[in-house]
Amino acid sequence: ANFLGYEGILRFEPVPENYHLLERNVASYKNIVTVEAAASDFNGQIAMARNYSNMGAGKVLSGDEEFEGAFAANCSKIDSYYMFNVTLIKIDAEEHEPWVLKGAAETINRWHPLILLEDANNEYRGYLPKSYELIAYWKKYRTYLYG
């Protein structure tokens with residue numbers, strides 16, 4: 001919000017403590033909405049785990065994982081929000097990126113936004129439409145920019 005012009009920002013945060021902190025951090029900004037949910041490929045609930053040593057590293061759990069601090073979180077498809085003129089999607093979902101991309105497929109196909117994608121093992125490119133090309137890569141942050 002500080003560095004890019006925008007008409008609106010929609011953010012997803014499933015961990016309640018992080019959600020409340022984000023709300024306080026952007027209280028003075030206009031047209032920023034935070035959804036207390038994980039972005040995913042369906043609307044409903046999903047098992048999540050907090051990471052007590054790194055607040056930003058909470059993750060979606062697979063069905064058979066047990067994890068201290070696990071909780072049920074809401075989840076939503078990005079496509080459920082019917083946004084207009086989407087220019088950028090940034091995804092840092094702690095290995096849940098493929099499901100986020102599946103849940104944003106209509107939005108991506110309609111608006112062809114830039115996609116900033118954390119991808120530790122460089123394995124998520126195949127979830128993007130074939131028309132997307134790599135624009136930039138930040139090795140230190142394991143982050144790719146496609147457009």
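I looked up Asn-109 and found it in helix α3, which covers residues 105-111. The model I am reading is predicted.

Is Asn-109 buried or exposed? Its relative accessibility is 56%, and exposed means over 50%, so I put Asn-109 down as exposed.

I then checked Asn-109 against Met-55, which is 54 residues away along the chain. Their C-alpha atoms are separated by 32 Å.

Next I turned to the sheet. I noted an open sheet of 4 strands, in the order β3-β6-β4-β5, and its pairing is mixed. Which are the edge strands? They are β3 (38-39) and β5 (59-60), and each pairs on one side only.

I followed β3 to its partner. β3 pairs with strand β6 (residues 70-76) in the parallel sense, over 2 bridges. Opposite Ala-39 I found Ser-76 of β6.

Last, I looked at the largest pocket. I recorded about 1700 Å³ of space in the largest pocket. How many residues line the largest pocket? I have 46 in my notes, and those nearest the centre of the pocket are Ile-9, Leu-10, Arg-11, Phe-12 and Lys-90.

I also asked which elements supply the lining of the largest pocket. At least two residues each come from β1 (9-12), α1 (16-25), β3, β5 and β7 (88-91).

Methods
Residues numbered from 1 in each chain as written. Predicted model: local features only at pLDDT ≥ 70, side-chain atom pairs only at ≥ 80, totals over all residues. Heavy atoms only, no water. Buried < 20%, exposed > 50% of the residue type's maximum accessible area, 1.4 Å probe, protein only. Pairing = 2+ DSSP bridges. 1 Å grid on protein atoms, 1.4 Å probe; cavity = no way out; pocket = protein on both sides within 12 Å on 5 of 7 lines; lining within 4 Å. Points joined across faces, edges and corners; volume = space filled by probe spheres on them.
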